[in-house]
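Dear colleague,

Here is the structure I promised to hand over, with some notes on what I found in it. Please read them with the structure open beside you.

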Amino acid sequence: MKILVTGATGNIGRKVVDHLLAGGADDVRALTNHPDRAALPAGVEVAEGYLGRVSSLPAAFEGVDRMYLAPVLETIDEVVALAKKAGIRHIVDLSGEAHWTPIAQAVEGSGVDWTHLFAGEFTENSAIWADQIRASDQIRDPAPEAATAPLTMDDIARVAAKVLLSDGHAGQTYELTGPETLTRADRIHHIGTALGRPLTVVKVPREEAIQVFAKSMGDGAEWYVDITTSLIGTPQPPTTTIADLTGTPGTPFSQWAATNTHLFT
């Protein structure tokens with residue numbers, strides 16, 4: 001069974017490759033736009049291409065049985081049409097609700113077996129506070145009480161590999177979260193504990209928050225602040241999906257913080 005991983009040198013796709021190999025896959029093809037610097041493991045077949053460059057895909061899709069589909073909105077209709085034409089039998093997509101809904105819709109409409117991975121907030125997004133943490137013990141945030149159940153990119157990749165390597169997942173939508181619901185203030189305090197520093201959190205108004213995050217996010221800061229504040233009052237409950245599918249629970253935030261202190265120093 002040949003498995004294609006798209007976005008194979010991206011933050012999640014690269015981890016999918018590793019988990020496939022760890023799970024016993026012996027016929028993995030990795031799609032990357034930069035094969036010269038991909039540094040993929042030995043035994044992985046490297047295909048040059050990119051989901052946003054549709055002309056590069058027919059050769060990459062040839063002979064593939066199952067595919068991990070990275071979230072690229074702009075060309076999704078063309079991508080799934082080519083996948084069906086190439087005879088790909090199962091697409092495992094990273095998608096979700098709202099902004100990412102068109103990916104799930106296109107995959108379902110392709111006529112190919114599908115499995116959706118709907119991921120919550122990435123734990124790694126917590127690096128948004130890194131500049132502030134380096135500079136001060138007082139962290140300004142627009143919504144310290146907003147609560148989600150963040151999950152790591154590695155946990156998403158573990159699930160993707162498990163689904164790709166086993167049967168019984170066609171037509172399933174898996175809601176993926178971390179193992180616990182935490183407020184943004186909780187997460188900052190966990191980072192402080194990992195660093196051995198007592199971090200405090202100060203809630204600031206919208207305009208001030210935009211100025212704070214614009215230093216690292218530029219024009220995206222306004223969107224980020226508005227999305228963040230929209231979560232106030234609607235805490236995200238955790239799911240057990242990661243543990244149910246892989247046999248191992250999702251990574252606790254405190255564990256992630258303890259192993260990633262370098263991001264904040």
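Strand 4 (residues 66-69) is covered on both faces, with Arg66 and Tyr68 buried on one side and Met67 and Leu69 buried on the other; buried means under 20% relative accessible area, exposed over 50%, and partly exposed in between (1.4 Å probe, protein chains only). In a regular strand the side chains alternate between the two faces of the sheet. This is a predicted model, in which local features need pLDDT of at least 70 and side-chain atom pairs count only at pLDDT 80 or more, while totals for chains, interfaces and linings use all residues. Residues are numbered from 1 along each chain as its sequence is written, and side-chain values use heavy atoms, with hydrogens and water left out.

Helices (H or I, at least four residues) and strands (E, at least two) are DSSP runs, numbered from the N terminus, and two strands pair if DSSP finds at least two bridges between them. Strand 4 runs parallel to strand 1 (residues 3-5), joined by 3 bridges, and leucine 4 stands opposite methionine 67. Strand 4 also runs parallel to strand 5 (residues 90-95), through 4 bridges, and here tyrosine 68 stands opposite valine 92.

There are 16 salt bridges, each a side-chain nitrogen of Lys or Arg within 4 Å of a carboxyl oxygen of Asp or Glu. One of them joins lysine 2 to aspartate 27 (2.8 Å, N to O); lysine 2 lies in the segment before strand 1 and aspartate 27 in the loop between helix 1 (13-22) and strand 2 (28-32), so the pair ties together parts that are 25 residues apart in sequence.

Best regards
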